[in-house]
Amino acid sequence: MRKKKNIFSKLPLNRYFDILMLIFLTAFPFFTKEFRVEMMGRYICYAIFAISLDLLWGYTGLLSLGHAVLFGMGGYMIGISYQIQNGVVPAFMQREGITEIPWFYLPLQNPIVASILGILIPALFAALIGYFVFTSKIKGVFFTIITLALAQIFKDFIINVQKYTNGFNGLQSIKRFSVNGSTPLTKTTYYYVVLVIAVLVFIFCLWLTNSRVGKICTSVRENEARLGFLGYNAGAFKILIYTISGALAGLSGVLYAPATSTITTEDIGVTASTMVVIWVAVGGRGNLTGAVFGALLINWAQSILSEHFSSAWQLIIGALLLVVIYFIPNGVIGQIVALQRRIITDRKKNKLMEETPKSKKMAVVK
Amino acid sequence: MKNGTFKKITAAFAAVSVMLAATSCGGGASSSSSDGDVIKVGVLFSESGSTALVEKTMTNACKMAFDEINEAGGIKGKKIKYIHEDYASDPATATEKIKKLVEQDEVVATVGCYTSASRQATLSTLKDDNALLIYPTYTEGEEVSPNVIYVGNMPNQQATDFIPWILKNVGKKVFLIGSDYVFPKTCNKQARALIEMYGGEVVGEEYAPLGHTDFSTIVNKIKDSGAEVVYSALIGDSNTSFYKDYQQYGMTADTPICSISIDESNLQAIGKEFAEGHYASMPYWSSLDTEASKNFVSKYNSLFNDGTVVTVLTEATYDSCYLLKAALEKVEDPTDTTALINAFGGITFDAPQGEIKVDENNHCTWVYSRFGQIHDGAVDILYTTDKALRPEPWPSVLYPEYADSNFMPSWDDPLCYPQ
């Protein structure tokens, strides 16, 4: 009885932090310039992307160094959609001698269909890769290496099929969801659309990680062998969580491309994949808050520092990252959560000490 | 143990507070667009990332030009204040930074961008905010945006004089190679048309992936093709490997490589030994033996001792700044972007390469055509046009239909630029 009360009377500190961040982000457009709002909108897309990695890495213990592949698939779907509006063959295709829109691009003409495909295709791709990797019991660092290779292969693939993707130059002029030639959403409206979707994703992930599936995923991270002895098929759960993570990464890409109006191969390769790992590592993994906080903090810091120290900003960021990783390996939010947990257990231990008779207490101390 | 934990916590808080301090001081200092006696100009080149090394010389050129303009009294008594932003070789960051320059700093124009990818990433912002970008890099053409002035040369300005000369003096059997990218493919398409027009023969065409470094197969293909000359549009670091492999697999400068995409910094990387005897074409070479060019090179070298060398990009960026100055002097109100863009039509500048002019109609620039043979790591100029050549964004050899409309489709044609 008492144990139950102890846990539920105190919401973890990071949940208060979530609420604070939400209030801040909601109020943000009221006290800043429009282009900062646009920037923040873009970083919220990154936050969704970071959440998708946190599900995989933080909760399930599967570090992916190729997560930007799934993000890029989403972004490219919507990007292509805006290249082929009204049946016009884009200049980069005409240059390569294509006179008609290829049949496999036709469904993408409608941005809504493109967005749905931008979520489904990365999910399917993740499921497929997950199927091959996890049913053949590839574990730990080998999964990481496979995803790393995947990131490089996917980037080279996009560059080499430039006939269809405009290669290295990427896709431009992606509108903020104008459907059938209607005027695109304004920057501020789009910001709130992204924010609402981010909140929904966050709540979904909160629910997921506290559900049975989430608990099993955490056990995969903690002790996969024991989970197997208990009769669970760990592989199936890993495929499931990779698929969900893929869908969310795709969703973040779908939202991101219109926010910047451009998507290029810089957004999908190894570098982009490493960046998201850094955000989650700095914020703290396995509690969702850390992923969001890390993504927002690092991107803001990068942007503001580069405005003020245009030649030394990367050094400053690098030094700060080293400090965080070295002194607080759990990440900023992860450290706060760990501290709170320690305080609670300390208090419990003290109570236990007080309740035990003196003679026994001596024994405990000894 | 307790002490250690305490230290860790302190360090954590210190780190967080430093980060927060850095972000918050950024927010505070960012609204300073009220001083009336300066003209703000953006400079957008990478200081970090994969193309930072090349773009460093462009940033330097801007510094040099704007400092000179300010020392000479500025523009109608107003000093130029340039704001440099680093887009980290990343197109998405370029989009963000151009927005920052235009919407927050309210610059009158921006000199910047190196890759086509970064230029194209800025186009929709430039259009939405009606802003101006002055783009100094040589480019593949087949794009003209109403919000961009292209100071770098178009492919026709390198090829129309170079190719007949090659066919006459070097050889008639030409092998085309390039990186698998828009720029080389577009240039080679034009080269092929010119070669056939002047009675030469294309004996092969090969493309290597961007950043490719193993050219053994391609060199063997060149050997087997019986080519007398190789016409190259390889870009970036691939050149270094290509020139080395070319010699290693038994080819010599008797079958010379004629490149339209190497400059002095590539020559440095390739090495004197491997580049000797080959040919190259560009609007400007730092070996140009005129008073203006010699002064330009020696001033640059005395100002910047950071390992960069003067290339065609340095010169074009320097010219961009002076063309902007001339345009700013022509307009009443520098913040009126439409008037400023219109003011560019027909302005001239006595550049280190000679007198250049922005075309009255198509936003591109009349520049010289120069080529020569590489000797001892520098280019011995063999040929220079008498005056600047007309830019043809849609070259007349391939698109005769545009020859009467300033070598471009009409401004409202969707083919004009990605929109």
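The radius of gyration used here is taken over C-alpha atoms, and the globule rule it is held against is 2.2 Å times the number of residues to the power 0.38. With 419 residues, chain B would have a radius of gyration near 22 Å as a compact globule, and its value of 23 Å agrees with that. Please keep in mind that this is a predicted model. Welcome to the structure: chain A has 16 helices and zero strands, while chain B has 14 helices and 15 strands.

**Chain A as a whole**

- The radius of gyration of chain A is 23 Å, close to the 21 Å that the globule rule gives for 366 residues, so chain A is as compact as a globular protein of that length.
- Taken along the principal axes, the C-alpha atoms of chain A fill a box of roughly 90 × 50 × 40 Å.
- Buried residues make up 48% of the 366 residues of chain A.
- If you look at contacts in chain A between residues at least 6 apart in sequence, 80% of them join residues at least 24 apart.

**Chain B as a whole**

- The box filled by the C-alpha atoms of chain B, again along the principal axes, is roughly 75 × 70 × 45 Å.
- In chain B, 53% of the 419 residues count as buried.
- For contacts in chain B between residues at least 6 apart in sequence, the share that joins residues at least 24 apart is 70%.

**Where the two chains meet**

- The contact between the chains draws on 40 residues of chain B and 41 residues of chain A.
- Four elements of chain B each supply at least two residues of the side that touches chain A: α1 (2–28), β2 (79–85), α3 (91–104) and α4 (116–128).
- Helix α1(B) gives the most to this side of chain B, with ten residues.
- Sorted by class, the side of chain B that touches chain A holds 19 nonpolar, ten polar and eleven charged residues.

**Two helix pairs in chain A**

- Two packed helices are described by the angle between their axes and the distance between the axes.
- In one pair, helix α2 (residues 13–27) and helix α15 (residues 332–355) of chain A have axes that come within 9 Å and cross at roughly 140°.
- Angles over 145 degrees would count as roughly antiparallel, so α2(A) and α15(A) are oblique to each other.
- A:Leu13, A:Asn14 and A:Phe17 of α2(A) make this contact with A:Ile333, A:Ile336, A:Val337 and A:Gln340 of α15(A).
- Five of the residues in the contact of α2(A) with α15(A) are nonpolar, two are polar and none is charged.
- In another pair, helix α4 (residues 68–83) and helix α7 (residues 140–160) of chain A have axes 9 Å apart and pack at an angle of about 30°.
- That angle makes α4(A) roughly parallel to α7(A), as angles under 35 degrees count that way.
- Here A:Ala68, A:Val69 and A:Gly72 of α4(A) meet A:Leu150, A:Ala151 and A:Phe154 of α7(A).
- The contact of α4(A) with α7(A) has five nonpolar residues, one polar residue and no charged residues.

**Single residues to look up**

- A:Arg36 sits in helix α3 (residues 34–59) of chain A, and A:Arg36 is buried, with 20 other C-beta atoms within 10 Å.
- From A:Arg36 to A:Ile216 there are 180 residues in sequence and 40 Å in space, C-alpha to C-alpha.
- Most residues other than glycine have a negative phi.
- A:Ser173 has a positive phi, near 55°, and lies in the loop between α8 (162–165) and α9 (187–210) of chain A.
- With 19 other C-beta atoms within 10 Å, A:Ser173 is partly exposed.
- B:Glu106 also has a positive phi near 55°, and its place is the loop between α3 and β3 (109–112) of chain B.
- B:Glu106 is partly exposed, with 13 other C-beta atoms within 10 Å.

Note on methods:
Residues numbered from 1 in each chain as written. Chains lettered and ligands numbered in written order. Predicted model: local features only at pLDDT ≥ 70, side-chain atom pairs only at ≥ 80, totals over all residues. Contact = placed C-beta atoms within 7 Å. Nonpolar A, V, L, I, M, F, W, Y, C, P; charged D, E, K, R; others polar. Axes fitted to C-alpha atoms, helices over the stretch in contact; angles between N-to-C directions. Parallel < 35°, antiparallel > 145°, perpendicular 65-115°, else oblique. Buried ≥ 20, exposed ≤ 12 C-beta atoms within 10 Å, placed from the backbone.
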